[in-house]
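Hi everyone, thanks for making time this morning. I'd like to walk you through one structure, so let me put it up on the screen.

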Amino acid sequence: MNDLAEDLTTESLLERPKSALSRRVRTLTLIVVGFFWVSGGIYGNEELVSAAPPLVVFLFTALVPLVFSLPIALVTAELATAFPSEGGQVAWVEQALGPVVGGHNAYWVWLTNLLDASVYPLMAVEYLREEADLGPWAGRGVCAGLVGGIALMGLAGIDWIGKLQAVVFTATLLPCVLFIVVGVPHMKPAVWVVVDGGPTDWGLLLSWTLWLYSGFSSLGCMAGEVERPRKTYLTVIGVLFPLVLALNLLPFLVSVSLDADRDHYHAGYFRVLAQRLGGSWLRVTFTAGANVALVGLYQSQILAAERSLYAVALERGLVAPPTADADAPGRSRASRAADWLRAAPAAGGVPRAHVLFNAFGVLLLIVALPYRALVEVEMMLYCLSALLLLYAFVALRRGAAADVPRPFKLPGGTRAAAAALATPSVVCALSLAANLADAEKAAALGGVVALGGVVHLGWWARRRLARRAPTSAPS
């Protein structure tokens, strides 16, 4: 294992080219893609309302972004401008902690993004089921259609994805704004401070709150493709942070004012409240916005999953470039197909093989797990990788990496920055503790981590065998 570590860390991130992908992502593109990493609107947030009394949900919804999301967003901005590498936190943790811990973290980050992506096709089915009588096969068809359609966009390239997300962003935001504007006259502040109404499900509350605000670290996964990183990242955070806070807090205040019974809240219930507020026109608009938003949410998360997996493959030397021009005469059809899969689209993005592999993984998860279980397992993995990211940030302020130019740097020095990261670290630790108190959740996390260990050991053993293999035949 030590030989492997030495081999993989010989050429550090500091010595490698900053990115193997083209820099095609501008500020507007990162805003509209990042919106679906960090929010995507209020659709599907009903589970949070059911987790605790109104005052508890209100406090968590208002405070978690300030003590958790904002520090992580600023950490991501600093690391993305100093180390603009594919995969973002996957590359940063490996640089700080080495290939063994980095390999496990990469697996957690990739699976976190894949689990999150898998939530949205299932939620789309739930929203459509409220409007139409969808049977099991029709629901599976909706999921397969969403996954397949976005995979085709990924095969076409990042330019096409950016154009689609701009349209989806507008169609998603408008129904949320209408829900808030029409609902403001119905607000009842006295309901917001109610503390009774049943016990608090701390595991669900922490998992769901973190889920709402956990996407800022994903902004770093496209660091290798972002133009003018310093200006872009600061602008994106300045736009998205207040927008996300308002979109999570205001609809909650409207909703509990209309109906404070937490037992009523399930996926799709906001559509019922929209009907109560504005009649059928607002319900139809809200339902349409929900399904459009789920397309954007899925697309953003699958982008993060693809780039996390690509970062691992690139770091391990597993990315094989096309062997020759696909149009060269005399080449077999299989060779042409392999080269097409290994190549990235001309319009930008990761190699097509990564797009197809991740789409297949989502389809497997959709069949295997309900969306609530996907969220809770995802957030446990997210907390593990977030703790490693925060440690990596401090570690990369020291040693050889301390001299790397940082176009954006958190003020106050390393000690002040480390102190600012104490609150997100505590939030992650509390969320893990609350979820691990449940035996089923603890078993699920243990199984996922153990599977990653098996994969890592298998890859390590293969690497060792390849090293020992003779390089030439005996004379």
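This is a predicted model: local features need pLDDT of at least 70, side-chain atom pairs count only at pLDDT 80 or more; totals for chains, interfaces and linings use all residues.

Thr287 itself belongs to helix H12, which covers residues 280-315. Is Thr287 buried or exposed? It is buried, with a relative accessible area of 6%.

What does the side chain of Ser257 reach? It reaches the backbone nitrogen of Lys188, at 2.9 Å. If we leave aside neighbours within four places in sequence, Ser257 is in contact with His186, Met187, Lys188 and Trp192.

Now let's zoom out. The chain has 18 helices and 0 strands. Of its 475 residues, 54% are buried. Take the contacts between residues at least 6 apart in sequence: 84% of them join residues at least 24 apart.

As a bit of background, nonpolar side chains tend to be buried together in soluble globular proteins. Here, the largest nonpolar core has 136 residues, and the ones touching the most other members are Leu30, Trp37 and Tyr298. Which helix gives the most to this core? That is helix H5, residues 89-131, with 16 residues. If you click on Leu30 and ignore neighbours within four places in sequence, you'll find contacts that include Val25, Phe35, Trp37 and Leu219. Further along the chain, Leu30 also contacts Met222, Val226, Thr232, Tyr233 and Val236.

Next, the aromatics. Searching the whole structure turns up 9 aromatic pairs. One of them is Phe60 with Trp202, a tilted pair at 6.0 Å centre to centre, with 50 degrees between the planes. Phe60 is in helix H4 (residues 54-82) and Trp202 is in helix H9 (residues 202-213), so this pair ties together parts that are 142 residues apart in sequence. Both partners are partly exposed: Phe60 has 21% relative accessibility, and Trp202 has a relative accessible area of 45%.

Compare that with Trp110 and Phe357, which form a stacked pair, 6.2 Å centre to centre and 25 degrees between the planes. Trp110 comes from helix H5 and Phe357 from helix H14 (residues 352-368), so the parts tied together here are 247 residues apart in sequence. In this pair, Trp110 counts as buried at 15% relative accessibility, whereas Phe357 is partly exposed at 46%. And for anyone who likes rings in groups, Phe179, Tyr265, Tyr269, Phe270 and Phe286 form one aromatic cluster.

Last stop: helix H17, residues 422-436. It has 15 residues and reaches 21 Å from its first C-alpha to its last, close to the 21 Å expected at 1.5 Å a residue. Which residues of H17 are buried? They are Pro424, Val427, Cys428, Ser431, Leu432 and Asn435.

Terms used
Residues are numbered from 1 along each chain as its sequence is written. Side-chain values use heavy atoms; hydrogens and water are left out. Helices (H or I, at least four residues) and strands (E, at least two) are DSSP runs, numbered from the N terminus. The expected span of a helix is 1.5 Å times one less than its number of residues. Buried means under 20% relative accessible area, exposed over 50%, partly exposed in between (1.4 Å probe, protein chains only). A nonpolar core is a set of buried Ala, Val, Leu, Ile, Met, Phe, Trp, Tyr and Cys residues joined through side-chain atoms within 4.5 Å. Contact means heavy atoms within 4.5 Å. Rings of Phe, Tyr and Trp (its six-membered ring) pair if their centres lie within 6.5 Å; planes under 30 degrees apart count as stacked, over 60 as edge-to-face and the rest as tilted. A polar contact is a pair of N or O atoms within 3.5 Å; within protein, one must be able to donate a hydrogen and the other to accept it, and residues adjacent in sequence count only if both atoms are side-chain atoms.
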